[in-house]
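Colleague: I am new to this structure and would like to learn how to read its features. Could you walk me through them?

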Amino acid sequence: IRKELDEAFVSAPLKAELRARIEQIQKKASEAKKAALAQRVDICLNEVKEDIAAALEDGRNSLALNVDIGADSKASQKILNAVKKAAPEMAFIGISEEEAGSGGKVLAFAVVPPALVETGFKADDWIRATLETCGGRGGGKPGNAQGQAKECDDVDAVMAAAKAFADEKSTAQAS
């Protein structure tokens, strides 16, 4: 819209006023988007805490979840911090699409406690194995990693890869 306004044959004072209005609208839209994301993150945090409690009750030491936080890395840190606080001995990976069902960008983030890292269950390997299914890349440290894929048509396959890796490492740890 700004480009069209700049090219329009309109008086300079009117252009300045219209630019200011456009900026106000864009600012309000940005604030509304941030507020909506914050609300999604709060809802997601509650769901993650419930899923962690259920996993702990089942005696599992790892959890892979599809979380609805968009591709926001700050939100992923909030999720990881909540997981570390609620279940410090649990390995966790979260997968989130930028827009659910869009086939677009996917974010993956993981945390693995030191006790599991010692057994060979590493967060950076988990991220790589998970995102490999959709051509994504990632990295980090054995205890904490993240990555993303530019395009992902099949989030279910990504989740299946994440769960398969966790099951494999959990089985190897048990033996």
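**Reading the core and the pocket**

Modeller: Gladly! This is a predicted model. Let's begin with V112: leaving aside residues up to four places away in sequence, V112 touches A91, V117, F121, K122, A123, W126, P142 and G143.

Colleague: Which residues have the most contacts inside the largest nonpolar core?

Modeller: The general idea comes first: in soluble globular proteins, nonpolar side chains tend to be buried together. Here the largest nonpolar core has 25 residues, and those with the most contacts inside it are I93, I95, V112, F121, W126 and I127. At least two residues of this core come from each of strand 2 (91-97), strand 3 (106-111), helix 4 (114-117), helix 5 (123-131), strand 5 (144-149) and helix 6 (155-174). Helix 6 gives the most, with six residues. There is also a second, separate core of 21 residues, which includes L45, V48, I52 and V111.

Colleague: Is T130 buried or exposed?

Modeller: T130 lies in helix 5. T130 counts as buried because its relative accessible area is 0%, and the cut-off for buried is under 20%. Not counting residues up to four places away in sequence, T130 touches I93, I95, V158, A161 and A162.

Colleague: And which residues line the largest pocket?

Modeller: Rolling a probe the size of a water molecule over the atoms shows where empty space is left. In this model, the largest pocket has a volume of about 260 Å³. Its lining consists of K33, K34, L37, R40, I69, G70, A71, D72, E98 and E99. Those lining residues divide into six charged, three nonpolar and one polar.

Technical notes. Residues numbered from 1 in each chain as written. Predicted model: local features only at pLDDT ≥ 70, side-chain atom pairs only at ≥ 80, totals over all residues. Heavy atoms only, no water. 1 Å grid on protein atoms, 1.4 Å probe; cavity = no way out; pocket = protein on both sides within 12 Å on 5 of 7 lines; lining within 4 Å. Points joined across faces, edges and corners; volume = space filled by probe spheres on them. Nonpolar A, V, L, I, M, F, W, Y, C, P; charged D, E, K, R; others polar. Core = buried A, V, L, I, M, F, W, Y, C linked by side-chain atoms within 4.5 Å. Buried < 20%, exposed > 50% of the residue type's maximum accessible area, 1.4 Å probe, protein only. Helix = DSSP H or I, 4+ residues; strand = E, 2+ residues; numbered from the N terminus. Contact = heavy atoms within 4.5 Å.
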